[in-house]
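This report covers selected helices and side chains of one model. The structure comes first, and the notes follow.

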Amino acid sequence: MREILTLQIGQCGNQIGLEFWKNIVQEHGIDNEGFYRGSNPVQTERANVYFTEAPGGRHVPRVVAVDLEPGVLDGIRASPLGNLFRPESMLCAQSGAGNNWAKGFYTEGAELLDSVLDIVRHDVEACDLLSGFQICHSIGGGTGSGLGSLMLQKIREEYPDRMLSTFTVMPSAAVSDTVVEPYNSVLALHHLIENADMTFCLDNEALSNICIDVLKIKSPVHKDLNTLVAKVMSGVTTSLRFPGQLNADMRKLAVNMVPFPRLHFLMSGLAPLTSAATVGYRQITVPDLCQQMYGPQNMLVNCDPRHGRYLTCAAMFRGRVSVKECEDTVLAYADKHSSAFIEWIPNSTQIAVCDVPPAGMDIAATFLGNNTAIQESFRRIADQFSRIFRRKAFIHWFTDEGMDEMEFTEAESNINDLVNEYQQYQDAAVDDGMLYEDEGAAYEGDAAGGYAEQDAVVE
């Protein structure tokens, strides 16, 4: 019941996905071959959210892993979890996308698309009640952005009533892997705005800062960064997988988090985050979790929430905690920092409480925020895009694959509109609505008066 199908696209998506599955099998007491080795029946009660049960009691991840070059998928097959995945659920081409969105969307990716959609259909048909899809990808390269955009479009066409959430690694300000990153990012964001229900924004710079400053890892590697993302991914769906006092599934989350369809880009945070050296020296309480999860240093995307305002929030607590304490703590924080929240959405924080904590912890929390400060990321990408596009630099690599220059212009204006919308709602006050109502009342009065005069004339 309420299954989720995971799609991992490109190098980044597959590496994040591998860490995610490591996390999930640990939480559900499943070994590297897919067999249950735990002792708590709660672990397997709803394992079918992410796993299909094969003959012999084997749990097989419900995942489709796609890449346009074989290296990363070969690495997953050779990893300790290699035997966990169904061989035909891993699809790769040989040529690669060469950091080119158009190759992923129009040429190389399009050739692989039918095979991918066949596997997706097979997995969907085997579900009792599909809750939705979650897509892991980055938007700076070629496969994650290009093929990711194509998959978003096709899944939205085929399954318009299912939830579609994405874990999207955005380009960071400090670290840029490719020169054409602004092109790929803007073109991919254009499709994310139109087709995704929720987008959880992440970036490598913020993840690195958390590892260095908070977790005190001197030189973090990608595995450390991906572990943080995996914890957020499992935290978001924890209510589907384990019993709890207040539940939240993908649809409930979207209904509470997305006030306007285009503004579905969410910041995510984790608590507790402490270095290994200090873990044994303090008892973590619910107020500690609340204090930490709202903190800017805990956000997994490089935007300072203090520069914007929260439209909506969600706090998912895990472990043996009191619901009343969670609600009181969150409410007290919202009252104390009322200027950080949009006043025309009262009670803007959704709370979920799940009884089962993450492995090795007593209590933990996952935080999601729809904050207008996320526009900083989009503005930065749009600025880089306009500088490079003004001179039409590198554009021939995209047009040679069959793209039209108009697509660039459309995508750019869509991003700029999104930034303006975020700014508009950040500045909007409660009084604005009152003015419209008064104007409406005045208009109705005029109309009523007009009709009365007409009646008098007729008589």
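The notes below describe a predicted model.

## Helix α7

Helix α7 spans residues 181–195, which is 15 residues. From its first C-alpha to its last it reaches 21 Å, close to the 21 Å expected at 1.5 Å a residue. Of the 15 residues of α7, 14 are buried, so the helix is largely enclosed by the rest of the structure.

## Packing of α7 against α16

Helix α16 covers residues 405–427, and its axis comes within 9 Å of that of α7, with a crossing angle of roughly 65°. The crossing of these two helices is left-handed.

On the α7 side, the contact is made by Tyr183, Val186, Leu187, Leu189, His190, Ile193 and Glu194. Helix α16 contributes Glu407, Phe408, Glu410, Ala411, Glu412, Asn414, Ile415 and Leu418. By class, the residues of this contact are nine nonpolar, two polar and four charged.

## Serine 239

Serine 239 lies in helix α10, residues 238–241. Its relative accessibility is 5%, so serine 239 counts as buried. Leaving aside neighbours within four places in sequence, serine 239 is in contact with Arg46, Leu246, Asn247, Ala248 and Ala352.

## Cysteines

The structure holds zero disulfides. For cysteine 201, the closest cysteine sulfur is that of cysteine 303, at 7.7 Å; a disulfide requires sulfur atoms within 2.5 Å, so this pair is too far apart for a bond. Seen from cysteine 303, the closest cysteine sulfur is likewise in cysteine 201.

Cysteine 201 has 0% relative accessibility and therefore counts as buried. Cysteine 303, at 5%, also counts as buried.

Key: Residues numbered from 1 in each chain as written. Predicted model: local features only at pLDDT ≥ 70, side-chain atom pairs only at ≥ 80, totals over all residues. Heavy atoms only, no water. Helix = DSSP H or I, 4+ residues; strand = E, 2+ residues; numbered from the N terminus. Expected span 1.5 Å × (residues − 1). Buried < 20%, exposed > 50% of the residue type's maximum accessible area, 1.4 Å probe, protein only. Contact = heavy atoms within 4.5 Å. Axes fitted to C-alpha atoms, helices over the stretch in contact; angles between N-to-C directions. Left-handed = near helix turned anticlockwise from the far one by under 90°. Nonpolar A, V, L, I, M, F, W, Y, C, P; charged D, E, K, R; others polar.
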